[in-house]
Amino acid sequence: MRKFLKTYLPFTRAGIHGATAYRANFIAWFIGDIMYCFVMYYVWRAVFASSGSSTFNGFSMTDMVVFLFVTNLTGYLTESDGSFAVGEEVRDGNIAMRLIKPVSFDMTFLFNELGQKSLTFTLIFVPMLAGVEIYKYFTYGRVMFSIGTFALYMLSVAMSYMFSFYMNVCFGFMAFFLKNLWGFNILKSSILRFLSGSVIPLAFMPDTLRSVMEWLPFSSLSYTPVMIYMGKYSGQEAALRLMLQFVWVIGFYIISKIILSAALKHVTVQGG
Amino acid sequence: MIQVENLQKYFKKTVKQPGFMGSVKSIFHSEKETVKAVDDISFHVDKGEILGFIGPNGAGKSTVIKMLTGILTPTAGNCIINGQNPQKNRKKYVKEIGVVFGQRTQLWWDLPLTETYAVLREIYEVDEAKFTKQMEFLNEVLELQPFINSPVRTLSLGQRMRADIAASLLHNPKVLFLDEPTIGLDVVVKDNIRRAISKINREEGTTVILTTHDLEDISSLCKRIVMIDHGKKVYDGSLYNLKQKYGQMRELNFEAADENSILALDYENAFASNGLGEGDLTFKADGTMVTVAFNTDKISVEQMLNYTLGTVHVKDINVKDADIEEIIRRLYKGDAEHGGSI
Ligand SMILES: Nc1ncnc2c1ncn2[C@@H]1O[C@H](COP(=O)(O)OP(=O)(O)O)[C@@H](O)[C@H]1O
Ligand SMILES: [Mg+2]
């Protein structure tokens, strides 16, 4: 384990360095996301106003605000751009530079991204989440934060991230076969946004559709941790959801290994 | 040390049909064309040898290196390096080799060099004392000191290449693969890199395979060369033999006293009875400076000098060995003409 960390922690350091080098991009992207949250806020406010009741499928307007912002914040931690990074390296042939090093392919990506995530966590996630809690304090008039719930939420987020990472690695390796992933990636991310329940809470869906989507792996990307955070799951249901997340992580880990070993036989490094 | 047997790599390329309808058609049905990038190549390299791998653009040099370093899987054939198959246990295999691709970098773009080397030290599990010693050595031969704290992004091409070579040698590999290590560099840096390679080879006994376009690299580093063209091996042997075999070309350079007297020269006619073939005699004049390349199998140096000195007044004259560039040009040409191997 020590050797493992010694080998891969440097990639985390490199990830942190990399993220700081591109902070201008990062800030622009962040501002765009916040604006998206506010736009969605007004959309939902209109929906609530036209429905004429103060709750909607068990969500109050305050819940909705929390849902929007926490979904967005969770996305910062769980989104992985592995498919983009792997795809890009396959396309430009730089994957060769990874293959000539005695390191495991997926771990270098994982630890590199963890570097970026640790930065996002401290600089964006923590302050924003504090903001959400302050908002809750003022609307409910009391402190709603519970360490236990938060711990469960973080556990769920960690698994969401691992799932997201391995799923994206699987997609990324498609680049070995497709050579150009771009259009494919856009299609993937818009479908995922919907399936993961980050655009519309799954609770708002018709019952049959909702239960199918809850069992699909994609809801574990965003919906599961957010619902845990908001305390919408009972203890038992939360345990079941966490178990399901774990199963999907293991499943996609195995699939990614199979795809990787097949893909490496197909590498055709172009140029130079 | 390195055994390569009947190595082959075929690439499937989709043939693009022209026009819009072509693109539409290719969605449903695409014609594949096979490119034989490496077509049945075998060679051996001994421990401590420096082998020069040469050939024109697209000959398949990089593809061979990629297979030897475990990046590509061969279509057929075998390579065993240092007792290992590169495709079998990649992580174990690459621990004992060093690789540099002139057109790519293995350094982390955002990290200063010192950090990159620290990362590599962890990855290769080099112990502290060895690392310090090796770093000192590399620093000395590659002169890394002036830019060792700069991020890789900010390095010039020459600095980056030196840094890359150092990165490939940190763990003191048994075999070093260099794919065009001097491409695009200026003379001073090229020289620096050549000295480093030759020093590593001498002092550590590192086996080196190097591909290049630059024949200076070859003549200053390699005793032996393998030449490939169109994926096939066309020459394997010492540089000396190559020169012996194809080195009958000489170059006569002289400066005539005045331009008009050059008009009197007619080499073609003078040696018409020598049975000259294509490329056996070429004549070039630039003002009063004249260069004549000739094949000594057909025209002796004495004949050439006698005719020249008897026809024009010269201020200065010299006869040079053909350089290996010339030899290789002839070799490529010979191969293209006869379509066979030499
Ligand atoms: N990934 C690839 N897909 C298709 N063809 C390739 C690929 N890589 C190389 N080739 C082809 O294989 C031949 C040899 O290329 P390469 O080994 O790069 O030559 P060199 O390094 O000697 O210039 C060229 O004709 C090139 O177009
Ligand atoms: Mg090449």
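Glu251(B) has Ala293(B) as its bridge partner in strand S12 of chain B. That pair belongs to a predicted model, in which local features need pLDDT of at least 70 and side-chain atom pairs count only at pLDDT 80 or more, while totals for chains, interfaces and linings use all residues. Residues are numbered from 1 along each chain as its sequence is written, chains are lettered from A and ligands numbered from 1 in the order in which they are written, and side-chain values use heavy atoms, with hydrogens and water left out.

Strand S10 (residues 249–256) and strand S12 (residues 289–295) of chain B run antiparallel and are joined by seven bridges. Strands here are DSSP runs of E with at least two residues, helices are runs of H or I with at least four, and both are numbered from the N terminus. Two strands count as paired if DSSP finds at least two bridges between them. In general, strands of a sheet pair through backbone hydrogen bonds, either parallel or antiparallel.

S10(B) and S12(B) sit in an open sheet of four strands, ordered S11-S12-S10-S13 in chain B, with antiparallel pairing. Strand S11 (281–286) and strand S13 (314–321) of chain B are at the edges with a single partner strand each, so one side of each has no neighbour in the sheet. On average, neighbouring strands of this sheet are turned by 15° against each other, direction ignored. For such angles, axes are lines fitted to C-alpha atoms (for helices, over the stretch in contact), and values run from 0 to 180 degrees between N-to-C directions.

Chain B also has an open sheet of three strands in the order S2-S1-S4, again with antiparallel pairing. Its edge strands are strand S2 (32–45) and strand S4 (76–81) of chain B, each pairing on one side only. The twist from one strand to the next averages 25°. Strand S1 (residues 2–14) of chain B is linked to S4(B) over five antiparallel bridges, with Ile2(B) opposite Ile81(B) and Gln3(B) opposite Ile80(B). S1(B) and S2(B) also run antiparallel, joined by eleven bridges; here Phe11(B) has Val35(B) as its bridge partner.

Then there is a hairpin. Strand S8 (residues 224–229) and strand S9 (residues 232–238) of chain B pair antiparallel over six bridges, and Arg224(B) stands opposite Ser238(B). Two residues lie between the strands of this hairpin, where His230(B) takes a positive phi near 50°.

As for the interface, 32 residues from chain A and 31 residues from chain B take part in the contact, meaning heavy atoms within 4.5 Å. The two chains bury about 2,800 Å² between them, 59% of it on carbon and sulfur atoms. Buried area is the accessible area (1.4 Å probe) that two parts lose on being put together, summed over both.

One salt bridge is counted between chain A and chain B, where the term stands for a side-chain nitrogen of Lys or Arg within 4 Å of a carboxyl oxygen of Asp or Glu. Arg13(A) and Glu115(B) make it with their side chains, at 3.1 Å from N to O. On the chain A side that touches chain B, helix H1 (2–21) and helix H5 (95–99) of chain A are the elements that give two or more residues. H1(A) gives the most, with ten residues.
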